[in-house]
Amino acid sequence: MKLLFVALVSMVLIVPLMLVYALVYDRQDQSETAQASINAGWGGAQVLSGPVLVVPYRTTQTQTETVDGKQVSRAVEVEKPLYISPVTNTVSTRIAPEERRKSIYRSVLFTAKTEGKATFALPGDLERFGVKQDKLLWSRAELRIGASDARGLTTGGTISVDGKPLEVQPGNGPAASGGQGFFAFVNWDGTGRISVDYAFGLRGSRTVSLVPRGGSTVWTVSSPWPSPSFEGSFLPEKPQVSEKGFKASYTIDKLALGQPPVSTEDYGVPRDSGRYGYDGAELNGNASRAVSVSLIETVDLYSKVNRSVKYGFLFIGFTFLAFFLFDIVGGARVASVEYLLTGAGLVLFFVLLLAFAEVIGFTAAYLAASAAVIGLLTAYSAAVLKSWKRARFIGALLVGLYALLFVLLNLEAWSLMIGSLLLFVALAGVMYATRHVDWASVGRHAHGEVQA
């Protein structure tokens with residue numbers, strides 16, 4: 001009955017653990033709201049695309065109309081845009097990160113300088129794509145470059161063709177950037193090749209993505225930020241990451257993109273894969289592929305607190321188990337209220353951890369919260385178990401548990417193995433400590449009865 005009641009108290013304590021679990025999500029939501037407020041006046045995640053050459057052309061289409069109840073078909077000449085991708089495109093992006101705070105919350109912002117060089121040429125078999133070269137309206141040809149959040153284009157941009165600068169205009173970006181960016185009219189008649197140099201400064205937050213397009217795309221991205229996350233449809237080739245920052249290079253061939261050199265439709269926004277980057281594994285319609293670099297925080301405190309709460313039942317279980325053994329084997333008498341108060345102290349650890357972590361960081365918060373709870377429960381155990389020697393055992397047990405939890409939180413890949421070994425050792429210890437207990441005689445104190 002004693003064991004059953006201890007188990008019942010443990011089950012009751014799962015309720016406040018679940019409330020702490022919900023509290024972590026609520027605080028994380030508040031943090032994301034504060035970060036969005038910081039980013040609102042700066043710029044969001046940026047998706048870069050282009051340059052792409054857009055040339056209107058005339059073509060004949062058959063239209064069907066209903067006249068006097070009859071369907072009549074007629075040929076009409078319409079105007080459509082032709083999107084010409086670069087033959088080669090070499091891009092370099094240098095990201096300068098900075099952190100901004102609002103109350104206790106912070107957000108990772110950046111300024112970036114992007115420079116590139118692209119070459120354009122018409123395919124020799126253009127007519128096989130359904131477009132006649134003499135129908136192209138070169139007088140209205142445009143070079144378009146995209147940035148998905150135009151608020152970040154605060155330092156302007158430049159475009160030059162064969163060394164001659166062009167006048168840039170706002171808007172008209174490629175569809176992959178949501179139509180935002182800038183463009184310039186270009187003088188070209190489609191013969192030979194042209195070389196395009198471009199550069200622009202950009203502000204944004206968290207993520208920079210590039211939409212590769214054309215025959216061959218080479219993107220080099222670097223930053224002093226020490227903890228990047230590489231995401232998207234392609235991974236970089238041998239990225240260099242250290243405490244001083246990172247440098248990564250992507251080389252993407254046209255066959256990997258699966259896109260023709262010219263198209264009568266623009267490629268749309270990449271599929272969003274979640275919080276930071278883009279995933280090109282499943283593309284619908286004319287969605288683009290993208291590669292992304294995210295500036296992630298070195299310590300995601302909400303994720304770690306969330307994971308630590310999941311181990312809360314182990315803390316309660318092991319501590320109650322120690323109390324139970326002292327109760328049954330050692331002769332100490334632990335009341336149900338004392339179990340409940342001890343469990344409340346263990347649950348309070350996670351609340352303290354969350355509250356301190358938002359202010360002083362996760363590691364310092366972990367040390368402060370665990371020291372407070374260990375000190376409290378050790379002192380309380382001395383009164384409950386009527387012995388400082390037993391209380392020191394409880395304190396040592398809690399120190400070991402909190403140290404192990406910290407290791408589990410930092411070695412996520414090994415957490416299952418370490419946790420399973422811990423449970424095995426705990427079970428073996430309980431079996432060893434209770435090997436001489438006559439469970440049938442526990443609690444009987446009368447004539448000839450054995451006292452545990």
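The questions and answers below look at how some descriptions of this predicted model follow from their definitions.

Residues are numbered from 1 along each chain as its sequence is written. In this predicted model local features need pLDDT of at least 70 and side-chain atom pairs count only at pLDDT 80 or more, while totals for chains, interfaces and linings use all residues, and side-chain values use heavy atoms, with hydrogens and water left out.

Q: Why is H6 called roughly antiparallel to H7?
A: Helix H6 (residues 362-384) and helix H7 (residues 388-410) pack at an angle of about 160 degrees, with their axes 8 Å apart. Angles between N-to-C directions run from 0 to 180 degrees, the axes being lines fitted to C-alpha atoms, for helices over the stretch in contact. Under 35 degrees counts as roughly parallel, over 145 as roughly antiparallel, 65 to 115 as roughly perpendicular and the rest as oblique, and therefore H6 is roughly antiparallel to H7.

Q: Which residues make the contact between H6 and H7, and how do they divide by class?
A: Contact means heavy atoms within 4.5 Å, and among the residues that make it are Phe 362, Tyr 366 and Leu 377 of H6 together with Trp 388, Gly 395 and Leu 409 of H7. By class, the contact of H6 with H7 has 16 nonpolar, five polar and no charged residues, where Ala, Val, Leu, Ile, Met, Phe, Trp, Tyr, Cys and Pro count as nonpolar, Asp, Glu, Lys and Arg as charged, and the others, Gly among them, as polar.

Q: What makes the span of H6 close to the expected one?
A: The expected span is 1.5 Å times one less than the number of residues; H6, with 23 residues, reaches 32 Å from its first C-alpha to its last, close to the expected 33 Å.

Q: Why is Thr 64 called partly exposed?
A: Buried means under 20% relative accessible area, exposed over 50%, and partly exposed in between (1.4 Å probe, protein chains only). Thr 64, which lies in strand S1 (residues 46-67), has a relative accessible area of 48%, so it is partly exposed.

Q: How do you know whether Gln 259 is buried or exposed?
A: Gln 259 sits in the loop between helix H2 (254-257) and strand S16 (262-263), and because its relative accessible area is 16%, Gln 259 is buried. Leaving aside neighbours within four places in sequence, Gln 259 is in contact with Pro 212, Arg 213, Lys 254 and Tyr 267.

Q: Why is helix H3 described as largely enclosed by the rest of the structure?
A: Eight of the 10 residues of H3 (residues 301-310) are buried, so H3 is largely enclosed; the buried residues include Leu 301, Lys 304 and Arg 307.

How values were computed:
Helix = DSSP H or I, 4+ residues; strand = E, 2+ residues; numbered from the N terminus.
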